[in-house]
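Please keep the sequence and the model in view while reading.

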Amino acid sequence: MTPAILIQLAVNGIAIGAIYALPALGISLIWNAAGLFNFAQADLLTLGAYVMYALVVSAKIPYIWAFIITTIVMGLLGYLLSRIYFYPMIENRVNPHIVLIGTVALSVFIQNLLLVIWGTTPKSVVNPFGYMPFRVGDIFVMPHVVWIVAIVSVLLLLLQFFLRRTLIGTGMRAVAQQQIASWLMGIRNDRMIALTFLLSTAIAATGGVLISAVFPLTPRMGSMIAVKAMAAVLIGGLGSFSGALVGGLAVGISETIFATLVNPAYRDVFIFAVLITFLIFKPGGIFKAEISEKV
Amino acid sequence: MAKLQQVFKRYGLLILGILLLVAPLVSAQYQFYVLERGVQNAIHVMGLLILIGYSGMLSLGSAGLLATGAYAYALLLLKLGFSPWLGAIFAVVITTLVGLCLAFPAFRLSGPFLAVTTIGFGEIIRILILNLEPITGGAYGVSGYSKLFANELHVYFFMVVALICIAIGTERLGRSRIGLALKATKEDEIAAEVMGVNVKRAKVVAFALSAMLAGLSGVILANLAGYLSPDSFTSAESSSYLLMVVMGGMNSAIGVIVSSIVVTWLPEVLRFLSSSRLLVYSLVLLVYLRINHVPATRERFLGILRKFGIRRAADAAEDPCGERGAGM
C-alpha cells in the first residue's frame, strides 16, 4: 500500500464523485425551493443518459448536439413535472408525506419505463474523451476524469453566477428563503419553483450524459446512483451548495477506496452505514445550510 | 340501499372474511395462488398501515423485514434443525427485534430522513443476503425446507383467520390509547409531546408491531413459495407495498385488505403488459395521488364520474376517508 495507489484511487473517485454531486445538487435546490425531497432525481439522471443513448447511438446525432438536446429536453421535462404534477400539490398544502410518496412513485415509474422501452441489456454510449491515459508522476489519469471534472466545474460556476448575479436567480433564492414574503414582493412562486425543477433536472441530465461515457447503462442504475446522491446530499448538508459538492466528492472517493481495499460487494453497505451514522449523530451534515448560504 | 350500506359498514370485515374463506371453492388453481399472495401481502401491509397510515413514518425498507422473516424461517429449519412451528415463532421474534433497531433512528429523524434510513436498512439486508453465500445461498436462493402445513389449503385458511384477527386488532389499536398517541404524533410531534404523549414509546410500539407482521408475512411467504431468492425483496418491491397501503386509504384495515388483494391481482388483469407490473403500479399511484389530493382535479374527476352515471361511487368517494370501515 503506497501513497501513490491511494492518490490513484482518489483521482478515479473524484470523477465519479463529481457526477454524484450533480443529482445531489438537484435534490438540494428542490428542497430549498419547494420543501420537497425528490427521490426521483437519480432516475431523472438515468433517463437523461438513455435519451443521450437514443440520440447518439440510435439517431446518430453528433455528440455535442446530442448533449445539448438532451439537456434541453430534460430541462423541459422537469418544468412540466413541476407545472403539472408537483406544484399543484404544493400549492394545495398536501401533506409532505404524500408528496414524498409521489416522488418515490415517480422514481419507480421512470425505472420501469426504461425497462419496458430499452430492456435489461446494458447499453453503452461511445466514450468521446478517448481511452489513452496520460501519466503524472506515478499516477495514470484517464482523459474522461479531467473532462468530467472540468465540465462539472464550469457547470457549477455558471450555476453560481446565475443564482447570484441575475434577477431570476435572485428571485429563486428569495423563494427559497421566504415564500410568502417573496410572493408579496411580486415574485411568481409557481414559475420560480418550476424553474428550479427545470434547472435541477437539466443538471441531472448532464450528469447522465457524463456517466453514459463511463459506465454501461441499465434501467436499475438509478437506484444505485440514488443511494450515492442521497448519501452525498445528507452527508454534505441538505440545502447547501458546497455541501452537495463536498458530499459527492467524499462519497465518490471513499467508495472507490473502500471497494478496492476492502470488498467491492459491500460498497453500498459501507455507504449506507456511513450515511445512517451521519443521520443519527450529525443530522445536519457537514455544512448545515445557513440562511445566507441557502442556494 | 342505505340500510345495506350500514350493514356493510358494520360487518364489512366479517363479510370479507367469509368471502375469502369460500374463495378457494370457486377459484382455479392459479387464481387461488394469486389470492394466497394477496392475503399474504395484506398481512404485511397491515403492519405498514400502523407505521405509515397511523403514525406517518414513511418506511421504504419493508421488503427487508419481509426478507428477514422469510430467511430466518428457512435458515432456522435448514441450518439449526428447528421444527417448523418453533422456527416460525423464532423467525417472527427475530424480525421484531431487527425491526426494533429501526425505531431508534426514528426518535430523531422524520420525513425524508427517516425514509432514506429505511431504504438503507432494506438495501443492507438485501446485499447481505446476496453476499453471505455460505449461509443464505446468495443469488441461488434457498429451498428444501419443510413447511408448516402439508396441505396447501390449510396454509390458506390459517392465513385468512390470522388476517381477520390482525385486522380486528389493528382497527382496535387505531382507537386505543396507543393508536391515538400515534395519530397525534403524526399531526404534530411537539404538540403531542407537550400534551403528555409518550412519543418514544408510541414509535417503538409502531415499529415493533409492523416488524412483527412483516415477519409473519415473510414466514407465510416462505411456506407459499417453497423457494426464496434476494430478487423478491428489492426496494422496488417495497414501493409496491407502499402502493397497497396508500390505495387502501391509509386509515382502515378493510381498505388495506381490499387494496392488497386488488393490487396483487392487477397484473393478472393487465396480462398484456407482462413484465411491466411495477410500471402500472407506479403510474396508478402517481395518478391517484394527484387526483385525490388536489381539490380542483378531484372535483373535475368526480364530475366526469357523475356524467357517466357512476353517481353512487362518486358520492361515496366524497365521504371523508376516515368514515369508511370505521364500523368494525
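How many helices and strands make up the secondary structure of chain A? Chain A has 11 helices and two strands, where helices (H or I, at least four residues) and strands (E, at least two) are DSSP runs numbered from the N terminus. The model is predicted, so local features need pLDDT of at least 70 and side-chain atom pairs count only at pLDDT 80 or more, while totals for chains, interfaces and linings use all residues. Residues are numbered from 1 along each chain as its sequence is written, and chains are lettered from A and ligands numbered from 1 in the order in which they are written.

**Chain A overall**

- Along the sequence, the elements of chain A run α-α-α-α-β-β-α-α-α-α-α-α-α.
- The radius of gyration of chain A is 19 Å, close to the 19 Å that the globule rule gives for 295 residues, so chain A is as compact as a globular protein of that length; the radius is taken over C-alpha atoms, and the rule is 2.2 Å times the number of residues to the power 0.38.
- The C-alpha trace of chain A spans about 60 × 45 × 35 Å along its principal axes.
- Of the 295 residues in chain A, 50% are buried (20 or more other C-beta atoms within 10 Å of the residue's own, with C-beta atoms placed from the backbone).

- Helix α3(B) is mostly covered, with 16 of its 19 residues buried.
- Just after α3(B), B:G81 adopts a positive phi of about 65°.
- The buried residues of α4(B) include B:G87, B:A91, B:T95 and B:L102.
- Among the elements covering the buried residues of α4(B) are α11 (267-281) of chain A and α3 (62-80) of chain B.

**The nonpolar core**

- The largest nonpolar core has 188 residues, and A:A21 and B:V245 touch the most other members; such a core is a set of buried Ala, Val, Leu, Ile, Met, Phe, Trp, Tyr and Cys residues joined through C-beta atoms within 7 Å.
- Helix α1 (residues 3-34) of chain A supplies the largest share of this core, 16 residues.

**Where the chains meet**

- In all, 34 residues of chain B are in contact with 35 residues of chain A (C-beta atoms, placed from the backbone, within 7 Å).
- The largest share of the side of chain B that touches chain A, 11 residues, comes from α5(B).

Methods:
Buried ≥ 20, exposed ≤ 12 C-beta atoms within 10 Å, placed from the backbone. Contact = placed C-beta atoms within 7 Å.
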